[in-house]
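Please read them with the structure open beside you.

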Amino acid sequence: MPIILFGGEKGGTGKSTLATNIAVMRARAGHDVLLLDTDKQATSSKWASVREEEVIAPGLFAVQKFGKGIPALVQDLQSRYDDIIIDAGGRDNPELRYALAIAEKAYIPVLPSDFDAWTIRDMDRLIEMAQSFNPDLTAYIVISRASTHPQSREADGTREDILGEQLEQLTITDTVIFERVAYRKAARNGKAVVELSNKDRDEKAIFEIEALYKEVFVA
Ligand SMILES: Nc1ncnc2c1ncn2[C@@H]1O[C@H](COP(=O)(O)OP(=O)(O)OP(=O)(O)O)[C@@H](O)[C@H]1O
Ligand SMILES: [Mg+2]
């Protein structure tokens with residue numbers, strides 16, 4: 001059963017945005033999805049409450065869990081769901097480590113604007129450590145919130161910087177997620193970008209998030 005983690009040490013990179021979008025897409029594909037929120041800010045849980053209030057189908061069940069109970073909870077719920085998608089944040093809390101102990105795939109969004117080699121190398125070492133007791137784990141960087149400015153090459157530049165680090169464990173997804181209003185609109189309304197209609201619909205956002213979805217679940 002896929003256990004997919006969106007995590008990382010830096011704030012505001014798009015962890016909750018990607019977790020909620022991918023969870024909706026998986027649920028729309030007919031799977032029973034649990035959204036596990038291990039971040040005390042509770043972004044994904046609040047998003048799920050809005051979704052419930054607005055009665056948006058498919059409904060998504062979200063639970064919050066912190067600390068060392070995370071692996072046991074996942075083990076408990078594993079048989080009841082097809083997929084578990086985890087929104088884990090935070091440098092100074094253990095949630096990311098517990099989540100890495102049980103995830104099959106971890107996605108770490110990185111902003112081109114605050115890429116720094118030290119953090120990436122730290123993450124690479126953290127993944128390596130997690131793999132010593134979770135050998136099934138594979139981990140990827142997702143370039144996130146990249147500039148859509150036509151002249152901007154920041155996503156390409158960041159990819160080159162990351163590749164230049166010659167990391168041991170982390171690889172980069174082919175898909176880049178750009179900074180687009182549609183992600184904020186969807187988030188505010190308890191939706192994913194694929195659920196926005198009419199004037200809110202953004203084909204480019206849908207195209208890129210579908211590409212990421214395929215990398216997560218097909219590749
Ligand atoms: N691709 C995007 N385009 C536009 N806005 C985005 C995008 N990704 C995230 N945002 C917005 O940026 C803010 C931070 O995003 P999000 O909450 O997903 O990040 P996070 O990594 O979960 O943050 P935190 O570390 O606080 O948990 C939110 O307001 C969100 O709507
Ligand atoms: Mg978050």
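1. Helices (H or I, at least four residues) and strands (E, at least two) are taken here as DSSP runs, numbered from the N terminus. On that basis P58 falls in the loop between helix 2 (43-53) and strand 3, and the peptide bond that leads from A57 into P58 is cis, with omega near -5°. Most residues other than glycine have a negative phi, and most peptide bonds are trans.

2. A word on the source is needed before going further. This is a predicted model, in which local features need pLDDT of at least 70 and side-chain atom pairs count only at pLDDT 80 or more, while totals for chains, interfaces and linings use all residues. Residues are numbered from 1 along each chain as its sequence is written, and chains are lettered from A and ligands numbered from 1 in the order in which they are written.

3. The protein chain contains eight helices and seven strands. Its radius of gyration (over C-alpha atoms) is 16 Å, close to the 17 Å that the globule rule (2.2 Å times the number of residues to the power 0.38) gives for 219 residues, so the chain is as compact as a globular protein of that length. Along the principal axes, the C-alpha atoms fill a box of roughly 45 × 45 × 30 Å.

4. The seven strands form an open sheet with parallel pairing, in the order 3-2-4-1-5-6-7, where two strands pair if DSSP finds at least two bridges between them. Strand 3 (61-64) and strand 7 (171-172) stand at the edges with a single partner strand each, so one side of each has no neighbour in the sheet. Strand 2 (residues 33-37) is joined to strand 3 by four bridges, and L34 has F61 as its bridge partner there.

5. Helix 1 (residues 15-28) spans 20 Å from its first C-alpha to its last, close to the 20 Å expected for its 14 residues, the expected span being 1.5 Å times one less than the number of residues. After the helix comes G30, with a positive phi near 100°.

6. Which residues are closest to ligand 1? They are G11, G14, K15, S16 and T17, in a shell of 18 residues, each counted if its C-beta atom, placed from the backbone, lies within 6 Å of the ligand. Helix 1 and helix 7 (181-188) are the elements that give two or more residues to this shell.

7. T119, in helix 5 (residues 117-133), is partly exposed, with 16 other C-beta atoms within 10 Å. Leaving aside residues up to four places away in sequence, T119 touches E9 and K10, contact meaning C-beta atoms, placed from the backbone, within 7 Å. The C-alpha atoms of T119 and G8 are separated by 9.4 Å, although the two residues are 111 residues apart along the chain.

8. V55, in the loop between helix 2 and strand 3, has a positive phi near 50° and is exposed, with 8 other C-beta atoms within 10 Å. R145, in the loop between strand 6 (138-143) and helix 6 (154-164), has a positive phi of about 60°, but R145 counts as buried, with 23 C-beta neighbours inside 10 Å.

Terms used:
Buried ≥ 20, exposed ≤ 12 C-beta atoms within 10 Å, placed from the backbone. Contact = placed C-beta atoms within 7 Å.
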